[in-house]
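Please look at the sequence and the three-dimensional structure shown below, and keep both in view while reading.

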Amino acid sequence: MASDIGILQRARMELGYFSGYFRLKQRQTGGAGAILRFERVRPRDSRPFQPNRWREITPPFLDRTIRALKRWNFDLITMDEVCRRAVTLPRANRFACLTFDGGCKDVITLAYPVLAKHRVPFTVYLPTAFPDGLGEAWWLALEDMIAREERISLVIDRKERRFATGSMPEKYDTFEFLAGWLRTLPPPDLSFAIHDLCTRYSVDLAALSRVQSMDWDDLAKLAADPLVTIGSATVNYAALSNLKGTDAQREMTMGKAVAETALRRPVKHFAYPFGDRQSWRREHVVMGQEAGFASAVSTIPGIVEARGYTNLHALPRIAWDGRQGSLRIMRVMLSGMMFPAVRPTRDNWV
């Protein structure tokens, strides 16, 4: 699960910004550019319990981000262009590429008007079960039930476990524990566990998932815009590391095939579901290549290097935490000074 920037790390970033040190470091660490990862775009919510707040930015923040990137002289480019710049000599201007995971409905209702106004290219990574009405946004269901209940119980490792969720700290602790546990389960076990919880606590998982997702009509509208790239994020958005090899390969190839059939255009770019180091392995990099993807993005933080030093099927992204509203922090992160250097070899995969 995402965590907020620590106090010491934030202080280091603020110092790097106000001292101007990030500008000096950028010459060494800035690479060719960066891929930014967002998910939901919607107005701020005043509810006290929002464990998924890190997944969200507001439309005004998106607008401020685009204006700032232009002011900082970043080239705003497509994923196709990212792939080109990653294997050629560095350009005078560094690039930024905007990406949105999950195929959320608010991408077309609230993000797209902002992006279209600025004529900014962007990529949507789509798990195809969701526009089909079959996806399960279990993290939303978990949030909904914990918000309403004062106690949660379920079976974990064949034992009934009970969690107090009366206070706000208890709610956040319970969500963090259960979300982390669910992330480790193979898809059939995860589906069984979340359906059991939803039955116990009267949560309509299917309705929650449908409401938050774009349908194929929405996606066709986006796909008709030459500035929009539709990428794949498997069928069911399952962590690939929880699947057997053949099942992981099927998720990748079927997600691509379904999107291409529905949208009648090639789908060349892929995002590893969740994207962190625990959710995919080197074998999935090979699967992405074999499936015919030109690129695959993670959520491992980092900068894209030029000259082919960054593996196109293990691209890093700066996964923006929506609890952060500081463009100063973003500017320092885009300089690359907070990330380890990438080893200069085509075989490097993380």
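Where is the place of arginine 158? Arginine 158 sits in the loop between strand S7 (151–156) and strand S8 (159–164), where helices (H or I, at least four residues) and strands (E, at least two) are DSSP runs, numbered from the N terminus. This is a predicted model, in which local features need pLDDT of at least 70 and side-chain atom pairs count only at pLDDT 80 or more, while totals for chains, interfaces and linings use all residues. Residues are numbered from 1 along each chain as its sequence is written, and side-chain values use heavy atoms, with hydrogens and water left out.

The predictor's confidence in each residue is called pLDDT and runs from 0 to 100. The chain averages a pLDDT of 93, and 96% of the residues score at least 70. Over residues 344–348, however, pLDDT stays under 50.

**Single residues**

The table below uses relative accessible area, for which buried means under 20%, exposed over 50% and partly exposed in between (1.4 Å probe, protein chains only).

| Residue | Relative accessible area | Class |
|---|---|---|
| Arginine 55 | 6% | buried |
| Arginine 158 | 84% | exposed |
| Leucine 219 | 0% | buried |
| Threonine 234 | 0% | buried |

Arginine 158 has a phi near 70 degrees, which is a positive value in a residue other than glycine. Threonine 234, in the loop between S9 and H11, likewise has a positive phi of about 70 degrees although it is not a glycine.

Arginine 55 belongs to the loop between strand S2 (40–41) and strand S3 (56–57). When neighbours within four places in sequence are left aside, arginine 55 is in contact (heavy atoms within 4.5 Å) with Glu39, Arg40 and Trp139.

Leucine 219 is part of helix H10. Not counting residues up to four places away in sequence, leucine 219 touches Leu126, Pro131, Met214, Ile230 and Leu263. The C-alpha atoms of leucine 219 and glycine 103 are separated by 8.4 Å, although these residues are 116 residues apart along the chain.

**Two helix pairs**

Axes here are lines fitted to C-alpha atoms, for helices over the stretch in contact, and angles run from 0 to 180 degrees between N-to-C directions. Angles under 35 degrees count as roughly parallel, over 145 as roughly antiparallel, 65 to 115 as roughly perpendicular and the rest as oblique.

The axes of helix H11 (residues 245–263) and helix H12 (residues 282–290) come within 10 Å and cross at roughly 40 degrees, so H11 is oblique to H12. In this pair, Gly245, Ala248, Gln249 and Met252 of H11 meet Glu283, His284, Met287, Gly288 and Glu290 of H12.

For helix H6 (residues 138–148) and helix H8 (residues 187–200), the axes come within 10 Å and cross at roughly 30 degrees, and H6 and H8 are therefore roughly parallel to each other. Trp138, Ala141, Leu142 and Met145 of H6 make the contact with Leu190, Ile194, Leu197 and Cys198 of H8.

**The interior**

A nonpolar core is a set of buried Ala, Val, Leu, Ile, Met, Phe, Trp, Tyr and Cys residues joined through side-chain atoms within 4.5 Å. How many residues does the largest nonpolar core have? This core has 49 residues, and those with the most contacts inside it are Leu98, Phe100 and Phe122. Among the elements that give two or more residues to this core are strand S1 (33–38), helix H3 (59–71) and strand S5 (95–101). A second, separate core of 48 residues includes Tyr125, Leu190, Ala233 and Ala239.
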